[in-house]
Amino acid sequence: MSTALDSRLVGFARALRTHGVVVGTSEVVDAGAAAHVLGLDDRERLREGLAAALLRRAGQRQVFDDLYDVWFPAAVGTRLGTHDTDPPETAADRRTLAAELRDDLSRALAAHDEQALDELAARTVAELGRLANQATTGSFSAQQALDALAPETAIAAALARMQDAAQDATGGSGDGSGGSEGQGSGAGGAPSGARFADRFTRDELRTEVAAFRRRVEAETRRRNAEARGADRISRYAVRAPAEQTSFLLAGPAELDELRSAIQPLSRKLATRLAARRRRASRGAIDIRRTLRRSMSTGGIPLRPALQHASPHRPDLVILCDLSASVAGFSRFTILLVQALAAQFRRVRILGFVNRVDDLTDDVIGAPPGSDLSHAFDDLSRMTRWHRNSDYGAVFADVVEHHLDVIGHRTAVLILGDARSNNTDPQFDMLREIAGRARHVSWLNPEPHRMWGSGDSLALRYSEIVDMHECRNVAQLREFVSRLLPV
């Protein structure tokens, strides 16, 4: 058993590394020691022990838990109380089965029965999630099962069950609050306390339904890992941590998760930028003063004298593509820069699709965390006759109308995929911008292997300015902390 456990730990660590979690040999050795001490009797205790040995950042916990459920499953094969069945033959059969499961779900939610919810998740996958395609024999789909079950629709039934239980309880008012009569009433005659209790209970039920969806997804990964192999499921069925999520592939939920990470990320980056600025202010060695100082130590320069540079904060100009293809990447970067605005003397934000619009007042003047959708969604001032990116026309527009905001202290940051839809690239206009600025950096959210493919001008533009691949938060953090001119 020891050999089997050790090989499973090695595979688990390899799966973590494929998802961007840094796990070295020493961490694997520590995890093996922890596993042998903790044993396999308590699965959750083993989970916490391995997490303590293998993880370094809190943001990696979700991918750790997903992979742990694959490599250290809660069960093998069909769980007790469930049985694998062929998919329902007709839509009516599927609706009938889903209605029965939904009724059981509302009962388990009302009772807050964790064991029943676990068993119901296993039943949902076994009875609604089995794929009928011959090419996927033995496989299951969490999305298929959840679409058929529609667990959110069980909230109202669960709330009604809880209210009925409160009405039957001794002293219960029948309103779900468990309180007594005589409370203050609001509009419609309903007690205000009851309305508040209903809202609070609904929020709790929504949270429990979200947890149930995660149970179904975990059970699906477990069953598929048995059919397809843990390595394959780890690679394709486990979502990468938020900092590794591609900007171009992120959906609404992932983008919301990324936006919630802006404030803590900005605080860390602000500290790093300030430290870089302090180091840069020390300046080069002053030879004359160093030699004069060495006279007191027999001519040996034990204490070099430095030419202290006068500290200053640079100007920052952001030129960001807000067309549909890269809007999510540009918006996230703009919100991060908004949180870092104090690190620069002046910040100007120029949005574009095929014409430039100054968004500085809308973004920098707004309180951190406020809704800036009105500034990003109104593309009428950033377009001419179409809504496709035209980088050449944009660079010409900057030179003609906005060149005065760029000077020898200005760092220019261009955000976009460099796909100009086969229009005139205007390389000379970009050279003029680069010649006037202190430094120009281009962040491209596309993988480097796609630069130059199709209508991409990334390789040609990278001959004029420094272009960096910036597909996710990890790469953006690396650029800001190490390469952004300060």
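Which residues form one aromatic cluster? In this predicted model, the cluster consists of Phe352, Tyr391, Phe395, Phe427, Trp442 and Tyr461.

The structure as a whole holds 14 aromatic pairs. In one of them, the ring centres of Phe12 and Phe72 lie 5.6 Å apart and the ring planes meet at 85°, so that this pair is classed as edge-to-face, a term applied to planes over 60 degrees apart. Because Phe12 belongs to helix H1 (residues 2-18), whereas Phe72 is found in the loop between helix H4 (61-71) and helix H5 (91-111), the pair ties together parts that are 60 residues apart in sequence. Phe12 has a relative accessible area of 0% and is therefore buried, and Phe72, at 9% relative accessibility, also counts as buried, since the cut-off for this class is under 20%.

A second example is provided by Phe395 and Trp442, whose ring centres are 6.0 Å apart and whose planes stand at 80°, so this pair is likewise edge-to-face. The pair links distant parts of the chain, with Phe395 in helix H17 (residues 391-402) and Trp442 in strand S5 (residues 439-444), 47 residues apart. Phe395 counts as buried at 0% relative accessibility, and Trp442 counts as buried at 0% as well.

In helix H7 (residues 142-149), the buried residues include Ala142, Ala145, Leu146, Ala148 and Leu149. When H7 is viewed down its axis, its buried residues fall within an arc of 160°, and they therefore line one face of the helix. An α-helix has 3.6 residues a turn, so residues three or four places apart point the same way. The N-terminal end of H7 is capped by Ser141, a side-chain oxygen of which lies 3.5 Å from the backbone nitrogen of Gln143, while just after H7, Ala150 takes a positive phi of about 50°.

Together with Ile285 and Ile287, Leu291 makes a nonpolar surface patch of about 300 Å². Although Glu119 and Arg79 are 40 residues apart in sequence, their C-alpha atoms are 8.0 Å apart in space.

Definitions and conventions
Residues numbered from 1 in each chain as written. Predicted model: local features only at pLDDT ≥ 70, side-chain atom pairs only at ≥ 80, totals over all residues. Heavy atoms only, no water. Patch = residues over 30% accessible without salt bridge, like charges linked within 9 Å, V, L, I, M, F, W, Y side chains within 5 Å. Areas by Shrake-Rupley, 256 points an atom, 1.4 Å probe, with all protein chains shown as cover. Salt bridge = Lys/Arg side-chain N within 4 Å of Asp/Glu carboxyl O. Buried < 20%, exposed > 50% of the residue type's maximum accessible area, 1.4 Å probe, protein only. Helix = DSSP H or I, 4+ residues; strand = E, 2+ residues; numbered from the N terminus. Arc of directions from axis to C-beta. Polar contact = N/O pair within 3.5 Å; in protein donor to acceptor, adjacent residues only side chain to side chain. Phe/Tyr/Trp six-rings, centres within 6.5 Å; stacked < 30°, edge-to-face > 60°.
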